[in-house]
Amino acid sequence: MDWTTHQVFNQYPELSDYHPLATDAALCEALERAGAGWAHPALDAYAARLGMAETYALAEQANRHTPQLQRFDTRGQRIDALEFHPAWHQLLALYRGEGLISRPFQDERPGRWAAWAAGFYLHGQVEQGTLCPATMTQAAIPLLRKEPALWQSLQSRLYSTAYDPRDLPVADKASIWLGMGMTEKQGGSDVRANTTVATPIGTGGRGGEYRLRGHKWFFSAPQCDAHLVVARTGEGGQSSSNLACFYVPRWRPDGSRNAVRVQRLKDKVGNRSNASSEVEFEDAWGLLMGEEGRGIPTIIEMASYTRLNCVVGSAAILRQATVQAIHYARRRHAFGKALAEQPLMRAVLADLALESEAALHLAMRLAQAYEDDGTPAQRAWKRVMTPAAKFWVCKRAVELTGEAMEVLGGNGYVEDGVMARLFREAPVNSIWEGSGNVMCLDVLRALQREPEAAHALLTELHAAAQGEPRIAAAARELQALLATPAEQLEGLGRVLTQRLVLLAQACLLRQQAPAAVADAFVATRLADSGAGRVAGAIDTRGLDVAAVLARAFPG
């Protein structure tokens, strides 16, 4: 039989078996700039392992073979067990083994937050679902440290680099994972609408025992060893005055299973390797963290950390999408030459590269603010720029993964490829921990409640704009917008937040990136704040596109 008509040519696999740190000049520079050079050798070894084809195969397997819920054992006992593909456990063990979960709190060396962000960013380029329990566990640590008795029993297990997947009481485990339970079907982002009720067992109070009854509409991730849960105590209607935060383990102290009943697992668009669920509390046992009536401030502190992770995770998605697109376009030929040599494709790839590097610089600058928030400017980066960055970077990842998929054409639109997983994954960071409008409202509240910090942030941006008329003009426009009457400003929240982020990214790139990158970003982003355009709709005349692409990915 003649098979000559079935020869496959001009087809190239998606990128794997490469080194995601060695090929990322911007990330290497960011580590040195943050004083995290000491972490480079370990991150280099981690990146080498992440970039292997075998690790990409694990990511594909973990997302193809999704978690399964087993409610009962063979004798009818309620167990609510979660079964994961072995690839999930290997990937989670890989991350845990690097010590990244506890590094920002356990390590005291300068650059520890940058080192963590780099590790999270590298892992997120290959697989994102495993970063959900990792994020929540890390974000719970600063809250738990405020509860001395509880912290003493959990510290060693939270700081452990051993991976222990067994479903056992916390006291019997080498390491543990923590999740969150806030969202209810009637409220969504409005935690004040929560109806779950906590009743004291005995006197109650801080550190006291309670019984929880109610439900959670999104309970991530149900296989975790414990969750931090928001519930109501006593009277108070639907106000926040009786909301409190509780530590609710999967197993009670007496060794029996806690009454947290998993009703079903969510069939999500993306993040499919990870389990999310709906649960009912049937007098579940829990401990009060902090004071009654302080539930929202307690959870907001946790959400600040998880929002940072969303920014870094979306920057990782942007990076991987950009690298995959550039790699493929350099090899695929059409109309007589490589796609990457076609002028219009070069505009698209350059636009992706600019967005990716700007997201990385912003994420790493935010991480620095979490390491030292002792000045008004640092507090502003943490309080104002975290929700602003989450709004913008996460939304850009949603749009630009679609553009990167288009570079690969039909090959990018099949489920067995990396691009499809990135495309499916991108929206979750924009939705989780507050959707876009919630982030913009948080930015406005932070600017109003902390005027000193806001002033310090704007002063820093104005200083960085000196000598660059386009950035200086953008800074003046932002300042004028902030003078809008309060009753009108809320409706302009997305406009203000977008301009704030683009200004911050332009300043960071001008200070830290090569001139070719900074000049191209300013020229393509600040004229009209990037509004109403699609990727690649840029004027590349006068831009050093070759330098931008060579920096983005030299491979």
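Predicted model: local features only at pLDDT ≥ 70, side-chain atom pairs only at ≥ 80, totals over all residues.
Start by selecting A45, which lies in helix α2 (residues 40-50); helices here are DSSP runs of H or I with at least four residues, strands are runs of E with at least two, and both are numbered from the N terminus. A45 has 48% relative accessibility, so A45 counts as partly exposed. On this scale, buried means under 20% relative accessible area, exposed means over 50%, and partly exposed is in between, with a 1.4 Å probe and protein chains only.

Residues are numbered from 1 along each chain as its sequence is written, and side-chain values use heavy atoms, leaving out hydrogens and water.

**Stop 1: helix α1**

Select residues 25-33, helix α1, and colour its buried residues: A26, L27, C28, A30 and L31. What covers them? The cover includes α2, where you started, along with α6 (112-124), α10 (343-371) and α19 (545-552). Just after α1, click on G35, which takes a positive phi of about 75 degrees.

**Stop 2: the aromatic rings**

Next, show the side chains of F105 and W113. Rings of Phe, Tyr and Trp (its six-membered ring) count as a pair if their centres lie within 6.5 Å; planes under 30 degrees apart are stacked, over 60 edge-to-face, and the rest tilted. By this rule there are 14 aromatic pairs. One of them joins F105 and W113, edge-to-face, with 5.6 Å centre to centre and 85 degrees between the planes. Are these two residues buried or exposed? F105 is buried, with a relative accessible area of 13%, and W113 is buried too, at 3%. Now widen the selection to Y95, W116, F120, Y305 and Y370, which together with F105 and W113 form one aromatic cluster.

Two rings are worth a visit for the charges over them. A charge sits over a ring if NZ of Lys or CZ of Arg is within 6 Å of the ring centre and within 35 degrees of the ring normal. At W38, look for R109, which lies over the face of the ring at 3.7 Å from the ring centre. At F218, the charged end of K266 sits over the ring, 4.6 Å from its centre.

**Stop 3: strand β5 and its partners**

Select residues 209-220, strand β5. Which strands pair with it, where pairing takes at least two DSSP bridges? Strand β3 (residues 178-181) runs antiparallel to β5 and is joined to it by two bridges; here M180 has S220 as its bridge partner. Strand β4 (residues 197-200) is also antiparallel to β5, with four bridges, and P200 is partnered by Y210. Strand β9 (residues 276-289) is joined to β5 by 10 bridges, again antiparallel, and in β9 the partner of S220 is S276.

Stay at S220 and step to A221: the peptide bond between them is cis, with omega near -15 degrees. A221 is found in the loop between β5 and β6 (226-233).

**Stop 4**

Most residues other than glycine have a negative phi, and most peptide bonds are trans. Select D80, in strand β2 (residues 78-83). Phi of D80 is near 45 degrees, a positive value in a residue other than glycine, and D80 is buried, with a relative accessible area of 3%. Then go to N271, in the loop between β8 (260-265) and β9. N271 has a positive phi as well, near 50 degrees, and at 7% relative accessibility N271 counts as buried.

**Last stop: zoom out**

Show the whole protein, with its 19 helices and 11 strands. The radius of gyration is 24 Å, close to the 24 Å that the globule rule gives for 555 residues, so the protein is as compact as a globular protein of that length. That radius is taken over C-alpha atoms, and the rule is 2.2 Å times the number of residues to the power 0.38. Along its principal axes, the C-alpha trace spans about 75 × 75 × 45 Å. Finally, colour by burial: buried residues make up 57% of the 555 residues.

Notes
Pairing = 2+ DSSP bridges. Contact = heavy atoms within 4.5 Å.
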